[in-house]
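Take them in order, and keep the viewer open as you go.

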Amino acid sequence: MQNEGLGYLWHQFTWDENLPGLILFGVLAVVFALLILYWRYRQKEARLWERLGGLAVRRQLSAEELGLLETFYAALPRPNQELVLKDTKRFWQLLFRFSRAQMRTHPLEMIRLINKLFPVARFQWNITAIEDVQPGEMVAVQLAKQNLIARVALVNRDQKRMELAFADKNFEVADSISASLYFFRPGLGETRMRGSLYAASRGHALFQLEGDKIEVSGQQKLMARAELSFSMSPIAEARDEGKSETLLTGRTEYVSPRALMIQLDAPALYGTAEKKTDAWKMDLSLPDSSVRLSVTGKILPSRKEDRYLFRLNDVSPMATKILNGLVKESNPEPEKLT
């Protein structure tokens, strides 16, 4: 009787009768394991993008630029996705290769993206003239029927000419063709130059600026600490007839192409009547020069004690160029004249 019971129990657990259940259990185990692996893969993938997304936030990418970065990253094979976060040089190469295909439809966005992620240098000023361009800067070259990406190889400041090295190594210019260059410097703004391309070696071209066809937009206003002596008096039309001319002297503390922060030698001379004067002429002594720069403007109160703002009016192109040059040579910083 006992043996019959053991035989019955053994019969209940035969492999043949329980094979479907075991197979189902095995399949579920494999599926579960694959789900865990997939979950880990997605978690790692999310962490990788999170790191790249963190870089995007720090470099202040716009929505369009972030979209291009996501497209670039998603198209990379997995090994390269990990590589771009470890190898800056490889990241640059892969992004540059990607940019060639995107220049047809997103030329300006690609230049902004590349220059934000890989700035050539920490520029302190924007591009207002061809002499401000530095070798190594990336530029969008817009022609009548195509957009190309290039790197500035050489700059001839005297002849207002630069040599461009194109990503397309087979690009050639036979006859001169009209072209527009687009530059971007992070935090400073963008510049367009119009001119012509001329033949050079294969994959290169010479760009000749036409006159002063430079368009500046979105540029950050800059100022610099500079102590310049000045004298100023009310403009004839602005002062009362018969009243003696008031002459104010002092020194500048900060200079920008839009305004100056000034300190008067004799604040008492700037009385109630003078504060009603809307227009003044200022003569500035420039550093290391006997030349004096004349500008007009209005004196405004400042938040800083014993200081005033001199807001410039109708600044001539020559005065703007001189003030810009002075700022560039004096450790410029974002304008905060209040």
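1. Is Asn331 buried or exposed? Asn331 is exposed, with a relative accessible area of 59%. To find Asn331, look in the loop between helix H8 (317-328) and strand E14 (333-334). As background, most residues other than glycine have a negative phi. Please keep in mind throughout that this is a predicted model.

2. Another residue of this kind is Lys160, which has a positive phi of about 55 degrees although it is not a glycine. Lys160 sits in the loop that joins strand E2 (147-156) to strand E3 (161-166). Lys160 is partly exposed, with a relative accessible area of 30%.

3. Now for the overall picture. The chain holds 8 helices and 14 strands. It has 338 residues, and 40% of them count as buried. If you take the contacts with a separation of 6 or more, 59% come from residues 24 or more positions apart.

4. H5 has 15 residues and spans 21 Å from its first C-alpha to its last, close to the 21 Å expected at 1.5 Å a residue. At the N-terminal end, H5 is capped by Asp87, with a side-chain oxygen 3.1 Å from the backbone nitrogen of Lys89. The buried residues of H5 are Phe91, Leu94, Leu95, Phe96, Phe98, Ser99 and Gln102.

5. What does H5 pack against? One partner is helix H3 (residues 63-74): the two axes come within 11 Å and cross at roughly 110 degrees. H3 and H5 are therefore roughly perpendicular to each other. H3 brings Leu68, Leu69, Thr71 and Phe72 to this contact, while H5 brings Phe91, Leu94, Leu95, Phe98 and Gln102.

6. Helix H6 is another partner of H5, packing at an angle of about 170 degrees with the axes 10 Å apart. That angle makes H5 roughly antiparallel to H6. On the H5 side the contact is made by Phe91, Trp92, Leu95, Phe98, Ser99 and Gln102, and on the H6 side by Pro107, Met110, Leu113, Ile114 and Leu117.

7. H3 and H6 also meet, with axes that come within 9 Å and cross at roughly 80 degrees. H3 is thus roughly perpendicular to H6. Here Glu64, Glu65, Leu68 and Leu69 of H3 face Glu109, Met110, Arg112, Leu113, Lys116 and Leu117 of H6.

8. The aromatic rings are worth a separate pass. Searching the whole structure gives 8 aromatic pairs. In one of them, Phe91 and Phe118 are edge-to-face, 5.2 Å centre to centre and with 80 degrees between the planes.

9. The residues buried in H8 are Ala319, Leu323, Leu326, Val327 and Lys328. H8 has 12 residues and reaches 16 Å from its first C-alpha to its last, close to the 16 Å expected at 1.5 Å a residue.

10. A last stop is Ser233, in strand E8 (residues 229-234). Ser233 is buried, with a relative accessible area of 13%. Leaving aside residues up to four places away in sequence, Ser233 touches Glu245, Thr246, Leu247, Trp280 and Lys281.

Conventions
Residues numbered from 1 in each chain as written. Predicted model: local features only at pLDDT ≥ 70, side-chain atom pairs only at ≥ 80, totals over all residues. Heavy atoms only, no water. Phe/Tyr/Trp six-rings, centres within 6.5 Å; stacked < 30°, edge-to-face > 60°. Helix = DSSP H or I, 4+ residues; strand = E, 2+ residues; numbered from the N terminus. Buried < 20%, exposed > 50% of the residue type's maximum accessible area, 1.4 Å probe, protein only. Expected span 1.5 Å × (residues − 1). Polar contact = N/O pair within 3.5 Å; in protein donor to acceptor, adjacent residues only side chain to side chain. Contact = heavy atoms within 4.5 Å. Axes fitted to C-alpha atoms, helices over the stretch in contact; angles between N-to-C directions. Parallel < 35°, antiparallel > 145°, perpendicular 65-115°, else oblique.
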